[in-house]
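Dear colleague,

Please find the structure below, followed by a short account of what was found in it.

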Amino acid sequence: MARKIKSIKVLHFDESTQEGERIQQASVLIEIEGERPKLIQGTQVLKGDINGKHTISYTIFDGKTLGKATYSINTIEKKADKAKINIVGISEGAICGGQNKPVDITVDISNKTFSANDSSIQCDICQAIADFACELVADQIPEDEICDEVCSTVCLWFVETLVGYLICVAICATVCSIMLDEITEYGCEVGSQYLCQKAGYC
C-alpha cells in the first residue's frame, strides 16, 4: 500500500516585481508516512502579460535535486474561474515533472492562486491526477508507466501558480500511486471526488 501524505504546509511565500518581472518564492514542507519531512523550495519568474503571452521560469530544489523549467505560455481564453492556455517548453530534472521531454499542450487551468495554506489544493491536485489516471487506465496504458505520464502532464495544470506547482511536483508520484490502488479497489466509475475522499485528500 502506498504511503499517505500526513500534511502539507506553506512555510514561506513572497512576491516582488523588478524590471518588468514578477518574482515569487515559496517553501513548502511535505510530511509523508514513514519518511523524513521534505522541504521543497521554488522560485518562479514571470515575464510578459499574464493575461496574454508570457514566459514562466522555475527553479526548484527538494534538498537533493535541483530542477529547472521554462515555459512559453499563451492565454487563449480567460474566464472568472478558469483559463485556457497553451504551454510550450521543457523541464530539466525529474523534480519539475517533465523528464526533459518537450511540452506543447493546451489545457484548462484554475485561476486559484494557492498563495496561502489552502487545503483545497490537495483535493484539486488529487482529482486532476485521478481523472487523468482513469483516462490512461481506459487506454490500457501499462500501470508502471501511468504515474510518469500523469505527473508530467497534470502538474502543468498548476503551472501559473508557484505554490500549486511546487506541491504538485512534490506529491504527484505518491498521490498517483495511492490513486491507482483506489482505482483497483473502487473503479473509475465512482468519480475522482469519491476516490480522493476515500484516500483522505478531499
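In which helix is the place of Asp148? Asp148 belongs to helix H2, residues 143–154; helices (H or I, at least four residues) and strands (E, at least two) are DSSP runs, numbered from the N terminus.

The model is predicted, so local features need pLDDT of at least 70 and side-chain atom pairs count only at pLDDT 80 or more, while totals for chains, interfaces and linings use all residues. Residues are numbered from 1 along each chain as its sequence is written, and side-chain values use heavy atoms, with hydrogens and water left out.

Asp148 is exposed, at a relative accessible area of 52% (buried means under 20%, exposed over 50%, partly exposed in between, with a 1.4 Å probe and protein chains only).

Strand S2 (residues 21–32) pairs with strand S3 (residues 38–48) in the antiparallel sense over 10 bridges; pairing requires at least two DSSP bridges between two strands. Within this pairing, Arg22 is opposite Leu46 in S3. The hairpin of S2 and S3 has 5 residues between the strands, and Gly34 there takes a positive phi near 75°. S3 also runs antiparallel to strand S4 (residues 53–61), joined by 8 bridges, and Gln44 is opposite Tyr58 in S4.

There are 3 salt bridges (a side-chain nitrogen of Lys or Arg within 4 Å of a carboxyl oxygen of Asp or Glu). One of them joins Lys47 to Glu21 at 3.3 Å, N to O. This pair links distant parts of the chain, with Lys47 in S3 and Glu21 in S2, 26 residues apart. Lys47 is partly exposed, at 41%.

With kind regards
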